[in-house]
Amino acid sequence: MAEDILRVEDLRTYFYSFTKEAFIRAVDGVSFNIKKGEVLGIVGESGCGKSITAQSIMGLITDGPGIITGNIFLNNNGNTVNLLDGLPDYASIKKKRKAIYEISKDVLGWQKRSETLMNGIRGMVISMIFQNPKSALNPFMPIGEQIAESIMLHKAIATKKEALSFAAAWLERVQIDSPNMRLYDYPFSLSGGMCQRIMIAMSLSSEPSLLIADEPTTGLDVTIQTKIIELLKKLKEELNLTILLITHDMGVIMQLADKIAVMYGGKIVEYGLKREIMDNDSFIRHPYTIALLNSLPTIEEIRAKERLRAIKGDVPDTITLYRGCRFYDRCTLKNDRIKNKCKESEPEMIEIGTGHLMRCWLAE
């Protein structure tokens, strides 16, 4: 069995809304693990907490209260480190009926401790591809200098000339044409697809153990999306990459992921191998997973010009304290046997198959 590269336990990342005088529970008790060489896809609608989960792992949540509880265990060259080690000491939490209603935090102390923990980790052991590559790149620097700066920061390369040569090699590896000439181009002169390839090259130039790809195909046309997916597949095989893939596109998940975590309202509602969750013959799935899969149009529906099957309603407001299931209002599968239980009690994650977990009263 491959070892865990990353193991997240009960991660909670909250923000405070001064206008509503309440906490936004962006990530509310998330747990998962990724083994070496695996691709874990986290899927869900916008506002479900996917990107905040990724940013929490990278130590990029600086606003208070930010991360308040949990563990993030990272296997770094055989040594397991907790990226949240000691951070709960900087937060004081008060609960009422199991719900957090007050948090006081030493933000400066927390940030200083977090930066100490992430020193030598962020950008070197864990790299991240951000949404919207054009906004992630510096518009005032040639792309070669940006990649070279990252290389010199994270690798034992002393001269800029050597770093630029290394950068050109990575541009060629991500299938950028005329890489030596592209070193001197600025981001505004490049297409979105090329900027995404450059971000991939920059992220992988430090040869990280874990790559976090946050919506790597968003905003790109379908042809370019396919090319980026094929590139990530190729690099995964060549480098035995471990990838945490964040997306709302079920098509991308189907092509890239080995395991899937379906996220809704700040929680993971289903978790397991892709073949168990996506297989049409699967005997049971979470109602939200079914709704996401049903929203994908089939070839027959496209030819018949049928209306898309949208999920009725909106993603829940994570400020609200829910007594029952967070998908209750939008669920079309709740029946008289479990309806009251769904409304009054939040289901726990239970195992319905080997490594296949689901948070739903239907799973009983």
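**A hairpin to start with**

Guide: Let's begin with a pair of residues: asparagine 76 stands opposite asparagine 79 in β5. Before we go on, this is a predicted model, so local features need pLDDT of at least 70 and side-chain atom pairs count only at pLDDT 80 or more, while totals for chains, interfaces and linings use all residues. Residues are numbered from 1 along each chain as its sequence is written, and side-chain values use heavy atoms, with hydrogens and water left out.

Visitor: How many bridges join β4 to β5?

Guide: There are 4 bridges, and the two strands run antiparallel. Two strands count as paired if DSSP finds at least two bridges between them. Strands (E, at least two residues) and helices (H or I, at least four) are DSSP runs, numbered from the N terminus.

Visitor: And what sits between β4 and β5?

Guide: They form a hairpin with 2 residues between them, and asparagine 77 in the turn has a positive phi of about 55 degrees.

Visitor: What about asparagine 75, is that buried or exposed?

Guide: Asparagine 75, which is in strand β4 (residues 65-76), is buried, because its relative accessible area is 10%. Buried means under 20% relative accessible area, exposed over 50%, and partly exposed in between, using a 1.4 Å probe and protein chains only.

Visitor: Which residues is asparagine 75 in contact with?

Guide: Leaving aside neighbours within four places in sequence, asparagine 75 is in contact with Glu3, Asp4, Ile5 and Thr80. Contact means heavy atoms within 4.5 Å. With glutamate 3 there is also a side-chain polar contact of 3.2 Å. A polar contact is a pair of N or O atoms within 3.5 Å; within protein, one must be able to donate a hydrogen and the other to accept it, and residues adjacent in sequence count only if both atoms are side-chain atoms.

Visitor: OK, new topic. In what order do the 8 strands of the open sheet go?

Guide: The order is β8-β9-β10-β3-β11-β12-β14-β13, with mixed pairing. β8 (126-129) and β13 (350-353) each have a single partner strand, so one side of each is left without a neighbour in the sheet. Neighbouring strands are turned by 20 degrees against each other on average, direction ignored. For angles, axes are lines fitted to C-alpha atoms, for helices over the stretch in contact, and values run from 0 to 180 degrees between N-to-C directions.

Visitor: Which strands does helix α1 touch?

Guide: Helix α1 (residues 50-57) packs on the sheet and touches β3 (39-43), β8, β9, β10 and β11 (259-264), with its direction at about 145 degrees to that of β10. The helix is mostly covered, with 7 of its 8 residues buried. Among them are Lys50, Ile52 and Ile57. Just after α1, glycine 59 takes a positive phi of about 70 degrees.

Visitor: How many residues are in the largest nonpolar core?

Guide: That core has 58 residues, and those with the most contacts inside it include Leu171, Ile198 and Phe327. A nonpolar core is a set of buried Ala, Val, Leu, Ile, Met, Phe, Trp, Tyr and Cys residues joined through side-chain atoms within 4.5 Å. Helix α7 gives the most to this core, with 8 residues. The core draws at least three residues from each of domain 1 (4-125 + 208-354) and domain 2 (126-207).

Visitor: What separates the centres of domain 1 and domain 2?

Guide: 28 Å, taken over C-alpha atoms. Their contact takes 34 residues from domain 1 and 20 residues from domain 2. The domain bounds come from an automatic or database domain assignment.

Visitor: Last one: is arginine 326 buried or exposed?

Guide: Arginine 326 counts as buried, at 15% relative accessibility. This arginine is in the loop between α12 (299-303) and α13 (339-344). A polar atom of its side chain lies 2.7 Å from the backbone oxygen of glycine 265, and a polar contact of 3.2 Å joins the side chains of arginine 326 and glutamate 346.
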